[in-house]
Amino acid sequence: MEREEKALDVALDAMISRTQDLKNSIAGFIIKLETEYETLQWPSVLNSFALLSGQLNTLMKVLRNEKTPPLRNRILLPLFLNPERDEELAKLTENRIQFFNHEVVPDYLRTKPDPEIEAAELQINTKASQMSMDAAQKQIASLNKIVNTIETLLKTTREDWESTSGQRSALAQTSSLADTNALIGALSTGKGLRPSLGSPKSQSPLPTAQARGAKAFSMHPAGKMPSSIKTNIKSAGASHPYGR
């Protein structure tokens, strides 16, 4: 009995370790998809899938190992249900499970699917077992034909799309992205526009009489007042209004 318990503990430790590695790889791959989706390359995605596949195979080898006791012979029963928050359970499950109550226990401890799903699966298996070999071969051939037709259609559509994209890229460019951005910036925020030298409203008003007088005074020499009498001096050779 002690030997079986020891073997079970060793197997559980190995499964927990492999599962933890698999969980870390899945979390890293999800973070890569969410943060590096703009620069992510297909070889990097394939490497992540290869890592996940290798870790899954390692976990399956541990489960299929001869030294691993058959887990299906073990029964897991909830001994205590608590409707309140369990801090230790939340810590162990990284806050995924915070309550161990009647609502979550049937979902996390079940070993069979829902009765509706189980009945539907049983119906499908029964129908498949009752089908003759000739009918199965005909359905397989029909399905393969449909798949081949869809594959051909996708390839043709892809070739047409690539051809159209190549023709569009060969056309001469009639617009400039920099000019478009400059126009948008000028219209929305006034970026790049020169300030005006002055608007009609900001110009000084017409000079008043006092200002005109001061200007006229400054144009004459000091000590001489400008005369307000206008004179009309004509040359001597000008014609006299009364002829002699």
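This is a predicted model: local features need pLDDT of at least 70, side-chain atom pairs count only at pLDDT 80 or more; totals for chains, interfaces and linings use all residues.
Leaving out neighbours within four places in sequence, N101 is in contact with L81, N82 and P83. The residue sits in the loop between β2 (99-100) and α4 (105-108). With a relative accessible area of 15%, N101 is buried, since the cut-off for that class is under 20%.

The overall layout comes next. The protein has eight helices and two strands, and from the N terminus on the order of the elements is α-α-β-α-β-α-α-α-α-α. Of its 244 residues, 9% count as buried, and N101 is one of the residues in that class. The accessible surface comes to about 22700 Å², and carbon and sulfur atoms hold 59% of that area. Among contacts with a separation of 6 or more, 45% join residues 24 or more positions apart.

Helix α2 has the highest mean pLDDT among the elements, at 91, whereas helix α8 (residues 209-219) has the lowest, at 49. Over residues 200-207, pLDDT stays under 50, and the model has one contact beyond four places in sequence for this stretch.

Helix α2 also takes part in a feature of the surface. L12, I16, M60, L63 and L71 make a nonpolar surface patch of about 400 Å². Both α1 (2-35) and α2 (42-64) supply at least two residues each to this patch. L63 lies in α2 and counts as partly exposed because its relative accessibility is 36%, between the limits of 20% and 50%. L51 is found in helix α2 as well, and its relative accessibility of 46% makes it partly exposed. The C-alpha atom of L51 is separated by 8.8 Å from that of L22, although the two residues are 29 apart along the chain.

Helix α5 (residues 115-130) has 16 residues, which should span 22 Å at 1.5 Å a residue; the end C-alpha atoms are 22 Å apart, so the two values agree. The expected value uses one less than the number of residues. Helix α5 is hardly covered, as the count of buried residues among its 16 is zero. Helix α7 (residues 177-189) has 13 residues and reaches 18 Å from its first C-alpha to its last, close to the 18 Å expected at 1.5 Å a residue. Of these 13 residues the number buried is one, so α7 lies largely in the open. Just after α7, G190 takes a positive phi of about 75°.

The charged side chains remain. Side chains of opposite charge can pair when their charged atoms come close. With a limit of 4 Å between a side-chain nitrogen of Lys or Arg and a carboxyl oxygen of Asp or Glu, the count comes to seven salt bridges. One of them joins D114 and R110, with an N to O distance of 2.1 Å. D114 is partly exposed, at 29% relative accessibility, and R110 is partly exposed too, with a relative accessible area of 37%.

Another salt bridge is formed by E87 and R85, whose closest N and O atoms are 2.8 Å apart. Here E87 is exposed, with a relative accessible area of 52%, while R85 is partly exposed, with a relative accessible area of 37%. The side chains of R96 and E94 also meet in a salt bridge, at 3.4 Å from N to O. R96 is exposed, since its relative accessible area is 54% and the class begins over 50%. E94 has 48% relative accessibility and therefore counts as partly exposed.

Conventions
Residues are numbered from 1 along each chain as its sequence is written. Side-chain values use heavy atoms; hydrogens and water are left out. Helices (H or I, at least four residues) and strands (E, at least two) are DSSP runs, numbered from the N terminus. Buried means under 20% relative accessible area, exposed over 50%, partly exposed in between (1.4 Å probe, protein chains only). Contact means heavy atoms within 4.5 Å. Accessible areas come from the Shrake-Rupley method with a 1.4 Å probe; for residues, only the protein chains shown count as cover. Patches are made of residues with over 30% relative accessible area and no salt bridge: like charges are joined within 9 Å, nonpolar side chains (Val, Leu, Ile, Met, Phe, Trp, Tyr) within 5 Å. pLDDT is the predictor's confidence in each residue, from 0 to 100.
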